[in-house]
Amino acid sequence: MIWIMDFRGGAVKFLGTERHHDKWLTATENYDMKGCFALSELGHGSNVRGIETVTTYDSNTGEFVVNTPCESGQKYWIGGAANHATHTIVFSQLYINGSNQGVHAFIAQIRDSDGNICPNIRIADCGHKIGVNGVDNGRIWFDNVRIPRENLLNSVGDVSPTGEYLSAIKNVDQRFAAFLAPLTSGRVIIVAIAVYISKISLAIAVRYALTRRAFSITPNGPEVLLLDYPSHQRRLLPLLAKVYAMSFSANDLKMMYVKRTPKSNKAIHIISSAYKATFTWNNMRTLRECREACGGQGVKSENRVGLFMGEFDAQSTFEGDNNVLMQQISKALFAEYVACQKQNKPFRGLGLEHMNKDLPVIPSHLTTPTIRSSEFQIDLFHLRERDLLRRFFEEVSEYQSRGESKESAFILSYQLAEDLGRAFSERAILKTFINAESTLPAGSLKNVLGLLRSVYAVISVDEDATFLRYGYLSTENAFAVRKEVAKLCAELRPHALALVSSFGIPDAFLSPIAYNWVDSNSWSSQL
């Protein structure tokens with residue numbers, strides 16, 4: 001979704017400096033310049049450092065020369081490129097006097113104002129997709145395209161007229177991190193979209209379940225509403241609790257981004273990566289369950305949920321493959337763990353302060369009041385996260401002691417890395433929920449939010465095998481948690497309509513089965 005931002009000059013604003021702002025921003029806002037964001041390549045997506053497009057500097061003419069050296073280096077999946085964009089932000093390896101200075105971004109014109117493709121530029125459509133076909137994703141080849149020196153977006157590094165590379169950040173890794181920091185906005189946007197689409201699908205499925213009946217449980221008795229079946233409650237209501245929990249976290253992330261400082265960029269990168277993976281995975285699961293919960297009506301395009309599955313599946317891939325992001329989170333937590341151990345300092349930031357406290361003690365016998373206690377819930381999530389971080393550190397260290405490189409050790413420890421990434425994300429979500437709940441006075445609203453928070457906590461425990469695998473819960477306590485899921489869903493059932501209505505989704509954004517689906521399918525409605 002970063003294409004949306006950059007079509008209106010986001011990359012120019014965040015990666016460029018005053019000279020670019022003065023020249024380009026007004027044109028992007030007025031759509032005199034229609035931009036696209038050329039980062040991904042046929043051969044490289046998540047691995048930005050490995051992109052193959054090459055830019056060199058010609059000091060004789062004061063121009064950069066952008067070239068696609070091979071087929072795998074063609075720019076791929078570039079939103080807006082196939083038909084509409086007049087300019088692109090092209091990312092490439094910058095070579096100065098034969099030395100690679102790393103990935104940089106440049107403004108290049110690819111079409112004239114009449115829509116004609118510029119010389120030495122080749123463009124093709126990526127082809128029909130499983131969804132989002134309203135976006136003209138395209139491929140771009142650059143055949144030694146010359147652009148002015150001033151078209152280098154130089155917030156991190158610049159090149160003098162004589163061809164000298166200039167940057168206040170001398171460390172290549174730090175320079176790369178600073179260069180990518182502004183791109184975090186793409187993940188923040190995806191997080192918000194994933195929550196909103198989950199809300200729409202749940203509003204449709206829950207409303208349908210409150211009007212559709214199936215089977216009788218007594219002879220000659222009335223058919224039962226779908227949402228009065230405990231199994232149907234178990235399908236939809238935990239997902240409803242999750243979207244409430246994630247909504248609080250998405251809002252929290254947006255505020256972090258709005259109030260960002262250079263010091264907070266690292267935390268925003270880690271948290272947005274965790275949420276992007278967790279929320280988009282949850283969105284696809286929610287869409288699938290809602291589609292199936294609507295039966296045959298869920299297959300109809302007019303009821304939207306099925307179409308959403310094709311439209312939003314790609315969110316698991318762009319702006320960072322979800323599995324790769326989860327491993328990045330674990331590597332970042334590993335670095336924090338090592339730094340605190342070596343320097344003998346307490347943990348600070350990323351919500352890891354709980355690592356400085358005594359190990360939480362889980363009761364040997366869980367009762368309903370205990371399971372629903374926010375203190376118990378966060379203690380259990382803290383226990384999981386700190387134990388998995390320790391295990392991950394020990395496993396990586398063990399591989400290194402056997403002669404594996406650090407990178408190889410991380411790769412071999414992928415199972416713990418994924419478990420740790422999940423634990424970090426779910427703990428952060430629960431903590432944000434608890435903080436939001438704590439701001440409310442005692443009353444019915446707080447009571448309902450308490451139910452939602454408990455459903456989120458217990459379903460997260462029930463669905464993660466690590467709680468049993470590593471002994472955070474006994475089998476008896478795990479069974480007690482599972483039984484609590486059904487109890488909580490039954491208590492949440494009377495509030496289901498109010499909870500989806502509170503999303504405030506306009507009627508036009510829902511579907512016929514969210515309202516009077518008999519009338520919408522009547523013969524008269526077809527005339």
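Modeller: Cys118 counts as buried at 15% relative accessibility, on a scale where buried means under 20% relative accessible area, exposed over 50%, and partly exposed in between (1.4 Å probe, protein chains only). This is a predicted model in which local features need pLDDT of at least 70 and side-chain atom pairs count only at pLDDT 80 or more, whereas totals for chains, interfaces and linings use all residues. Residues are numbered from 1 along each chain as its sequence is written, and side-chain values use heavy atoms, with hydrogens and water left out.

Colleague: How many disulfides does the structure hold?

Modeller: A disulfide is a covalent bond between the sulfur atoms of two cysteines. Here the term is applied to a pair of cysteine sulfur atoms within 2.5 Å, and the structure holds zero of them. For Cys118, the closest cysteine sulfur is that of Cys36, and at 12 Å it is too far for a bond. Cys294 is likewise in no disulfide, the nearest cysteine sulfur being that of Cys290, 6.6 Å away, and Cys294 is buried, with a relative accessible area of 3%.

Colleague: At what angle do helix 6 and helix 14 pack?

Modeller: Helices (H or I, at least four residues) and strands (E, at least two) are DSSP runs numbered from the N terminus. Axes are lines fitted to C-alpha atoms, for helices over the stretch in contact, and angles run from 0 to 180 degrees between N-to-C directions. Helix 6 (residues 230-258) and helix 14 (residues 444-462) pack at about 110°, their axes lying 8 Å apart. That makes helix 6 roughly perpendicular to helix 14, a label that covers angles of 65 to 115 degrees, while those under 35 count as roughly parallel, those over 145 as roughly antiparallel and the rest as oblique.

Colleague: Where is Thr432 placed?

Modeller: Thr432 sits in helix 13 (residues 414-438) and counts as buried at 13% relative accessibility.

Colleague: Is Arg384 buried or exposed?

Modeller: Arg384, in helix 11 (residues 374-401), is buried, with a relative accessible area of 0%. Leaving aside its neighbours within four places in sequence, Arg384 is in contact with Ala423, Glu426, Asp464, Thr466, Phe467 and Tyr472. The C-alpha atoms of Arg384 and Tyr472 are separated by 7.0 Å, although the two residues are 88 residues apart along the chain.

Colleague: What is phi of Tyr31, and where is Tyr31 found?

Modeller: Phi of Tyr31 is near 65°, a positive value in a residue other than glycine. Tyr31 is found in the loop between helix 3 (18-29) and strand 1 (35-38), and counts as partly exposed at 35% relative accessibility. Asn220, which is not a glycine either, has a positive phi of about 60°; Asn220 lies in the loop between strand 12 (213-216) and strand 13 (223-225) and is exposed, with a relative accessible area of 83%.

Note on methods:
Contact = heavy atoms within 4.5 Å.
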